[in-house]
Amino acid sequence: MSVHLFVPTFRVKECLDEIEECLVKGWTGLGYKTVAFEEAWKSYTGLQNAHFLSSNTVGLHLAVKMFKSIRGWCDGDEVITTPLTFISTNHAISYENLTPVFADIDEYLCLDPVDVEKKITDKTRAVIFVGIGGNSGRYQDIVRLCQKYNLVLILDAAHMAGTRLNGKQVGQEADATVFSFQAVKNLPTADSGMICFKDHELDELARKYTWLGINKDTYARTTDKGAYKWHYEVEHVGFKYHGNSIMAAIGLVQLRYLDQDNSYRRQLCNWYEEALSGNDKIKIVPTAPNCESSRHLFQISVDNRDELMLALNESDIFPGVHYRDNTEYRIYESAKGSCSNASYLSKRLISLPLHLRLSKIDVDYVVSTLNKLLQ
Ligand SMILES: *Cc1c(COP(=O)(O)O)cnc(C)c1O
């Protein structure tokens, strides 16, 4: 038996049926299923706007780019961010010649509002909050801080498809919330994402930016009065960032099962928690109060992480690490070690296998192996 970290599950027949519709219609690009998926996403999340993208990474860049231009930020202005994330989060800041300022994480592995407030200067323009593993952490405190200091809030919700806080999809308060539907996320397609702006005008502007700055997409031009209209204007130096109908077709199917899938993820996590809670060599990363997490990850911390990972591999268990403290990367050398909690946990975190094909038996196998190794 081998137990892997992530194995995505697709409803193959339903996905193929949705994709077949695209192929039969002869429409695989922007529009059609992308519009259907945007509508379905808005009604599922209750978010006001949703624009389908080729990834979350491009969405984060787009958000930073648009706020920089609208709000007149200058090169070198600061964005407060977390060191414990996938590198996309922080690249988004660097792409736009802004300066990432790292604030430390709390016990939820999310930005600690106390340290964020300490890092605010007169050059701070925005905060990017990451809900690690689906955890909302102290998101609401960050929302209040951003209101108090008039900062833009971008939520990197790459792990948060279906995460609810006080019963509502998290992200309503952020200026932009960006989801990922990458191949191994909890709502997997192959590669795609969704950006949800609070402000409707920004959603409209984003649609131009993601299609090279062209003011009318080919789908709108086709549906417009029946005849394809060839004439368009280019208003911005935009990007090729929009999503396509094949990815949206898969997303539409996966969304139908998202609540069911997340609920099974929570079941798996409950089994892990019950079985591991007696082991004092293991610290389980807690979920924030009132957060119904998507449970993209189940994370623990241990003192002898690297050795334990190798030993687990020998028992055919393949966990992961989310994430290495980004200030350890060469590009952020100047901030190295500036966040002590992140740097401490970065050496200790393990993400245990968590996906829909696992059973209670698999969880028990991982737990008994861990307990044996950690005696
Ligand atoms: C996966 C991930 C991203 C990037 O998502 P893509 O859709 O692959 O671009 C960004 N942030 C976090 C925290 C992620 O885990």
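1. Domain bounds, as used here, come from an automatic or database domain assignment. For this protein chain the assignment gives domain 1 (3-256) and domain 2 (258-374). The model is predicted: local features need pLDDT of at least 70, side-chain atom pairs count only at pLDDT 80 or more, and totals for chains, interfaces and linings use all residues. Residues are numbered from 1 along each chain as its sequence is written, and side-chain values use heavy atoms, with hydrogens and water left out.

2. The centres of domain 1 and domain 2, taken over C-alpha atoms, are separated by 25 Å. Domain 1 contributes 49 residues and domain 2 contributes 53 residues to the contact (heavy atoms within 4.5 Å).

3. About 4,000 Å² is buried between domain 1 and domain 2, with 56% given by carbon and sulfur atoms; buried area is the accessible area (1.4 Å probe) that two parts lose on being put together, summed over both. On the domain 1 side, Val3, Leu5 and Asn186 supply 18% of the area buried against domain 2, more than any other three residues.

4. Three salt bridges cross the interface of domain 1 and domain 2, the criterion being a side-chain nitrogen of Lys or Arg within 4 Å of a carboxyl oxygen of Asp or Glu. Arg164 forms a salt bridge with Glu292, with 3.1 Å between the closest N and O atoms.

5. The side of domain 1 that touches domain 2 divides into 24 nonpolar, 17 polar and eight charged residues. Here Ala, Val, Leu, Ile, Met, Phe, Trp, Tyr, Cys and Pro count as nonpolar, Asp, Glu, Lys and Arg as charged, and the others, Gly among them, as polar.
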